[in-house]
Amino acid sequence: MEPLQIAERLRERFPEDVREIKEFRDQVSVIVKRDHILDLLSFLKEEPDIQMDFLKDLTAVDWLGKKVPRFEVVYHLYSIKFRHLLRLKAEVPEEDPVIDSVMPIYIGANWHERECFDMFGIQFRGHPDLRRILLPEDWEGYPLRKDYPLEGYKGEKDWSGFREVLQIAKRNKKFDWYGAQER
Amino acid sequence: MSNITMRELKEDIRTGLKTKELVLSMGPQHPSTHGVLRLVLELDGETVVKCTPYVGYLHRGTEKLCEHRTYLNALPLSDRLDYIVSMANNVGYVLAVERLFGIEAPPRAKYIRTIVSEMARLSGHLLWIATHALDIGAMTVFLYSFREREWLLDLFEHLCGARLTTSYPRIGGVRNDVTEEFLDSLYEFTEEFPRRIEEYETLIDQNRIWLQRTKGIGVISAEEAINWGLTGPVLRGSGVPYDVRKFAPYDAYPWVDFEVPVGKNGDVYDRYKVRMQEMRQSNRIIKQCIERMPKGPVMAPDAPKFTLPPKEKVMSEMESLIHQFVLITKGPIAAPEGEIYSAIEAPKGELGFYIVSDGTGRPYRLRLRSPSFVHASVLPRLCEGHLVADVIANIGTIDIVLGECDR
């Protein structure tokens, strides 16, 4: 089935949730509301002539100052049997960045969701183990948000582990190597 | 020991010994974790009760860096993902950008790219069989397969001057044309290589220790593997013939003849078999590409808008000088507004690039879907309930590189 047809099927089945269908370079993205994301995904997975059984990727995009629901959580779904790809984008507002975890349907979403939380600060409701994954646990801020500076926060707001290393380096610089040898 | 009195000890012996679970932190500097992976294992005797992987020791923020660079400048960052097969990452990146801009490389460039990405697959698999066998206890294979890997790296050096961080493909083609000597020596390699694969197989294929360490270990069924999002040889070892080269062909793959080997049981041994067969197929692809290589340019006609012209042209032609000046100072022309997901079959699995463009010369968001990240997440599923020794075999079989996992 063509991706555009699948998108139309999805709109027929969930007229309330599907907001927009876009096509660019033969790839179709469907913008949906976040409320029933689990129903949408399980429909796409279970329907016998769609069978999107493979979650290729899960990530988010920050549209700071460009769109009103600030975040979009992006799902790339693929059917190994029918070889079609569909992109689902769920809108998540800034003031309440929460969306249902899709782990009950695709268990492979586990680390993708953790990374999404790590980088964007989006909470996944129902995730069993939502911790930071790539960054240290005591890191402050969410680096892939557009308002996070490229070089990170400097000075006092820098990561405590890095400040520790700097202090050790400073201390070692002061160390009197020659005196120590004589002793 | 000193805290236990003799009386308590006697009590223990009479009532049966008390046992408790041992927590073992394996890594991040353990040699068989292939980089800086840390596993926290909770052990009951020799059985793993719980396995928690910790990644991120090599996180460099590649995705954030890409947002602040032009499409042209972000190419060298892709070298540093999976640093042992950087050529394949380069090809994946330039393909994604080409699809976004809507340009196509000329046929000769496509053939060259296919050759280099298959060479990358060979060198990646050779490193994998070397380290995997070394971890399990067969040291000899390491020495043999590094001999061939050196041969391939020398060929890379001949082609582009670098052995590991190649940055050879360009948006719209490749940096320079291949020479006849390069093709000749590569053809010589393809003639010789199948015999070398047999050599490795005689070393381990019938080895009783190898069979005991690999058969029936780390079993994952086809359905479960798909649900976990596994790709590449790990998925094919479970019997799913999913291969991006066949399912969504790119470059010269639709024009060459090759098979996709699949396993049956989905254990460590089947994945080993799949990778060995894949090396033979890669060899076949390279051979066909050399034989059918067409003549012609290696850069798309509209490529000057995206890629720096060769140095000798900059020195002699006015137009090239202008292109170089504009590209360096202003960056490539603005990309069309839109988003694209483009994937290639990297040696480890599906390497995907999701690029969101807002109509400027830099990607608004560039997401890397790396196979190693997904494969590392399946480790607890493979290890729990098995012996500590099998953890090593499982890390080897999913074939992760932490540079790609942590990005």
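Me: At roughly what angle do the axes of H5(B) and helix H17 of chain B cross?

Reply: This is a predicted model, in which local features need pLDDT of at least 70, side-chain atom pairs count only at pLDDT 80 or more, and totals for chains, interfaces and linings use all residues. Residues are numbered from 1 along each chain as its sequence is written, chains are lettered from A and ligands numbered from 1 in the order in which they are written, and side-chain values use heavy atoms, with hydrogens and water left out. Helices (H or I, at least four residues) and strands (E, at least two) are DSSP runs, numbered from the N terminus; axes are lines fitted to C-alpha atoms, for helices over the stretch in contact, and angles run from 0 to 180 degrees between N-to-C directions. The axes of H5(B) and H17(B), residues 388-398, come within 9 Å and cross at roughly 175 degrees.

Me: How is H5(B) oriented relative to H17(B), roughly parallel or roughly antiparallel?

Reply: Angles under 35 degrees count as roughly parallel, over 145 as roughly antiparallel, 65 to 115 as roughly perpendicular and the rest as oblique. With a crossing of roughly 175 degrees, H5(B) and H17(B) are therefore roughly antiparallel.

Me: Which residues of H17(B) make the contact with H5(B)?

Reply: Contact means heavy atoms within 4.5 Å. On the H5(B) side, the contact is made by B:Trp128, B:His132, B:Asp135 and B:Ile136. Their partners in H17(B) are B:Ile392, B:Ala393, B:Gly396 and B:Thr397.

Me: How far apart are the axes of H5(B) and H12(B)?

Reply: H5 (residues 107-136) and H12 (residues 268-292) of chain B pack at an angle of about 150 degrees, and are therefore roughly antiparallel to each other. Their axes are 9 Å apart.

Me: What is the volume of the largest pocket?

Reply: On a 1 Å grid over the protein atoms alone, a cavity is a set of points where a 1.4 Å probe fits but cannot get out, and a pocket is an open set with protein on both sides within 12 Å along at least five of seven lines; lining residues have an atom within 4 Å of a point. Grid points are joined across faces, edges and corners, and a volume is the space filled by probe spheres set on the points. For the largest pocket, this is about 790 Å³.

Me: Which element gives the most to the lining of the largest pocket?

Reply: Strand S2 (27-32) of chain A is among the elements that each supply at least two residues. The most, 4 residues, comes from S6(B).
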